[in-house]
Amino acid sequence: MAVKILASGAYIPGIKVSNEELSKRVDTTDEWIRSHTGIGSRHFAEEGMQTSDLGLAAAKAALNRAGRSAEELDLIIVATATPDYFGFPSTACIIQDKLGAVNAAAFDVTAGCTGFIYCLDVATSMLEANKLGLAKRKTALVIGAETLSRITDWSDRGSCVLFGDGAAAFVMEQQEGSGSSVLHSWLRSKGSGAKSLYLSQPARTSTFERSGDYSKPPSIVMDGQSVYMFAVKAITDIIDALLQESGFKLGDFRWIVPHQANARIVQAAAKRFGIEEERMYLNIEEFANTSAASIPIAINEMAEKGLLKKGDLIMSMGFGAGLTYGGVIIRW
Ligand code: UT7
């Protein structure tokens with residue numbers, strides 16, 4: 001049996017904000033943002049929309065392309081750092097209800113910008129485990145969805161210019177035959193770096209007394225330089241590990257699809273490994289950093305543009321809050 005990626009779909013929210021427009025609100029310039037990150041614009045969720053709404057739209061697009069109904073889904077996993085509710089219920093359960101996926105188990109994965117990579121491994125493993133026929137799970141929906149604009153600290157120009165909103169989804173299915181779509185995965189974490197990138201409001205430390213300042217909504221706190229240094233090393237470690245464990249050579253890959261965090265981080269890694277720019281897929285200029293949604297948005301866009309041919313080998317890697325990092329090798 002093999003677990004295949006049947007189709008993808010995305011939802012890009014309609015409010016597009018260029019660097020010039022942002023610089024009317026924030027003390028920044030188009031020149032600084034472009035030269036330091038490669039970002040030219042970002043999309044923000046429409047008023048009233050939550051992460052589940054973006055994820056739902058992406059899910060419908062992917063199901064439609066895959067020719068599968070919501071009732072056929074056995075599993076829904078959502079990677080997000082911006083759930084509708086912090087804690088519970090999971091955004092996956094909200095999407096499960098809105099879709100009418102009455103036969104599906106549903107849960108979220110919290111792994112920051114590496115979330116979608118983690119989800120690909122979890123979904124593949126859960127569907128493959130069905131070889132014994134115990135769990136009876138055949139079809140999965142894997143979603144990366146974020147509304148980072150809702151947790152952005154607009155007074156911190158070092159972080160607020162980086163992020164955007166969006167969602168994308170894959171439909172994955174266990175089928176007859178051999179050769180799953182996700183051939184290899186390598187996942188790691190470095191919790192010692194947790195305070196490099198975190199949400200400003202931790203849980204209370206007192207049972208009956210309120211501690212901390214709960215009057216402000218939670219927002220992103222980032223030590224940009226330490227995340228930058230972590231990301232550069234993470235990409236190197238992921239590429240080295242995936243090549244060593246899979247036996248593939250870098251030249252075997254038609255595409256390298258990194259998490260779209262900062263074009264400079266990615267271009268530095270490309271240079272170090274001698275990867276030609278045209279094999280490294282970057283769409284950060286349009287969408288900025290959409291955390292767990294960035295990798296599926298990129299792969300979906302590549303599919304829509306006809307850039308992915310059946311059999312192409314893709315290496316994708318994520319790195320971000322947790323800290324987490326990891327990569328997958330996909331046969332399209
Ligand atoms: O998914 C993972 C999420 N996070 C990341 O990927 C972030 C990784 N880190 C980065 O990408 C970079 O560290 C940043 C792009 C966030 C910052 O770039 P940097 O080259 O590390 O800048 P810096 O923080 O060292 O700041 C350099 C200067 C400072 O001014 P002074 O002190 O030299 O006068 C900042 O105040 O740039 C200033 N600055 C800005 N200026 C205009 C910082 N942000 C801005 C801004 N516009 N938005």
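This section describes the domain arrangement, aromatic contacts and selected backbone features of a predicted model.

The protein is divided into two domains, with domain 1 spanning residues 2–178 and domain 2 made up of residues 183–203 together with 213–331. The C-alpha centres of domain 1 and domain 2 are separated by 15 Å. Across the boundary, 48 residues of domain 1 are in contact with 42 residues of domain 2. About 3,500 Å² of area is buried between domain 1 and domain 2, and carbon and sulfur atoms contribute 63% of that area. Three salt bridges are counted between domain 1 and domain 2. Elsewhere in the analysis of charged side chains, Glu304 and Arg65 were found to meet in a salt bridge, with an N to O distance of 2.7 Å.

Seven aromatic pairs are present in the structure. In one of them, Phe116 and Phe170 are arranged edge-to-face, with a centre to centre distance of 5.0 Å and an angle of 85 degrees between the planes. Phe116 belongs to helix 5 (residues 115–128) and Phe170 to strand 7 (residues 165–175), so this pair ties together parts that lie 54 residues apart in sequence. Phe116 counts as buried because its relative accessibility is 0%, and Phe170 is likewise buried, its relative accessible area being 0%. A further pair is formed by Trp255 and Tyr281, whose ring centres are 6.0 Å apart; the planes stand at 85 degrees, so the arrangement is edge-to-face. Trp255 lies in strand 11 (residues 255–258), whereas Tyr281 occupies the loop between helix 8 (263–273) and helix 9 (284–287), so the pair ties together parts 26 residues apart in sequence. Trp255 and Tyr281 are both buried. Phe116 and Phe170 also belong, with Trp332, to one aromatic cluster.

Aromatic rings are also approached by charged groups. The charged end of Arg254 sits over the ring of Trp255, at 4.4 Å from the ring centre. Trp255 therefore takes part in the edge-to-face pair with Tyr281 and also carries the charge of Arg254 over its ring. In a second case, Lys195 lies over the face of Tyr198, 4.9 Å from the centre of the ring.

Several backbone features were then examined. Most residues other than glycine have a negative phi, and most peptide bonds are trans. Phe88 and Pro89 are joined by a cis peptide bond, with omega at about 0 degrees. Pro89 is located in the loop between strand 4 (75–79) and helix 4 (91–99). A cis peptide bond also leads from Gly322 to Leu323, with omega near -10 degrees. Leu323 is placed in the loop between strand 12 (313–320) and strand 13 (324–331).

With a relative accessible area of 1%, Ala288 is buried. Ser291 is placed in the loop between helix 9 and helix 10 as well, and its phi is positive, near 50 degrees. Ser291 is buried, having a relative accessible area of 4%.

In helix 4, the buried residues are Thr91, Ala92, Ile94, Ile95, Gln96 and Leu99. An α-helix has 3.6 residues a turn, so residues three or four places apart point the same way. The buried residues of helix 4 pack against helix 3 (51–66), strand 4, strand 5 (105–109) and strand 6 (139–147). Helix 4 is followed by Gly100, which has a positive phi near 80 degrees.

Thr236 is situated in helix 7 (residues 224–246). Its relative accessible area is 19%, and Thr236 is therefore classed as buried, the cut-off being under 20%. When neighbours within four places in sequence are left aside, Thr236 is in contact with Arg272 and Phe273. Thr236 and Arg272 are 36 residues apart along the chain, and their C-alpha atoms are separated by 8.7 Å.

Note on methods
Residues are numbered from 1 along each chain as its sequence is written. This is a predicted model: local features need pLDDT of at least 70, side-chain atom pairs count only at pLDDT 80 or more; totals for chains, interfaces and linings use all residues. Side-chain values use heavy atoms; hydrogens and water are left out. Rings of Phe, Tyr and Trp (its six-membered ring) pair if their centres lie within 6.5 Å; planes under 30 degrees apart count as stacked, over 60 as edge-to-face and the rest as tilted. Helices (H or I, at least four residues) and strands (E, at least two) are DSSP runs, numbered from the N terminus. Buried means under 20% relative accessible area, exposed over 50%, partly exposed in between (1.4 Å probe, protein chains only). A charge sits over a ring if NZ of Lys or CZ of Arg is within 6 Å of the ring centre and within 35 degrees of the ring normal. Domain bounds come from an automatic or database domain assignment. Contact means heavy atoms within 4.5 Å. Buried area is the accessible area (1.4 Å probe) that two parts lose on being put together, summed over both. A salt bridge is a side-chain nitrogen of Lys or Arg within 4 Å of a carboxyl oxygen of Asp or Glu.
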